[in-house]
Each structure stands twice: as C-alpha cells, then as structure tokens.
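Subject: Structure handover

Hello,

Here is the structure for you to look through. My notes on what was found follow below it.

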Amino acid sequence: MIPPEDPTNYRRIITVIRRLWAGGEVQFSPHAAKRMRRRSLDVNYVQHIIRYGAILSHSPPAGKTWRYVIEGATDQNKTARCVATIEGRLLIITVTRKDV
C-alpha cells in the first residue's frame, strides 16, 4: 500500500493506518520496542491507540515519509500517543503514555 498523497487528509491516513494494522502489515522500530519495554507497554496498548485514536499532527519527512502523531485510548483506558509512518507498511516509531 502506498502512502496517501495528501499528508493533511487525516481521515484517509488513519483509514490507511488501521487497514495496515488489521492486515498485519506493521513493524515496530528498535526505538519503539525499547521504549515499550522500558514503559511496560505491549502490543495491545498500541492496538487501542490505532483502533480508537485520532491523528493529532504530522511532521515533514525526516527521510521519504511523513510522520503522524496518533493519540487515543489504551486497553487500560488511559490516553497515550504513538508516532508512526507509512513505508509500504506501518512503522511504529515510538509510543508514550500521556500521563508520564
């Protein structure tokens, strides 16, 4: 799946992100995996952010792709954020709890 052409069309982008997640086309960066371990977060935590969250912002590409900040409820009913990009698949860059 190719990334959407308009990085400001959050409705379309969150749909693409959710489709990639549902299809298992997701990868966690080494940084995200490290942060998740350090913060005792698991994949279910991220899944809830993706499934029920909304894109708050995007930033210009550091490389070839745009980065999106997604905020949503977790499986623990807390608010958290993840940063993701679309590189043919969904790449989770980092995950944070908002209460930290």
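Accessible areas here come from the Shrake-Rupley method with a 1.4 Å probe, and for residues only the protein chains shown count as cover. On that basis the chain exposes about 5800 Å², with 48% supplied by carbon and sulfur atoms.

This is a predicted model, in which local features need pLDDT of at least 70 and side-chain atom pairs count only at pLDDT 80 or more, while totals for chains, interfaces and linings use all residues. Residues are numbered from 1 along each chain as its sequence is written, and side-chain values use heavy atoms, with hydrogens and water left out.

The chain has three helices and five strands, in the order α-β-α-α-β-β-β-β along the sequence. Helices (H or I, at least four residues) and strands (E, at least two) are DSSP runs, numbered from the N terminus.

The C-alpha atoms fill a box of roughly 35 × 25 × 25 Å along the principal axes. Of the 100 residues, 36% are buried, meaning under 20% relative accessible area; exposed is over 50% and partly exposed is in between (1.4 Å probe, protein chains only).

There is one aromatic pair. W21 and F28 form an edge-to-face pair, because their ring centres are 6.2 Å apart and their planes stand at 80°. Rings of Phe, Tyr and Trp (its six-membered ring) pair if their centres lie within 6.5 Å; planes under 30 degrees apart count as stacked, over 60 as edge-to-face and the rest as tilted. W21 counts as buried at 12% relative accessibility, whereas F28, at 23%, counts as partly exposed.

Regards
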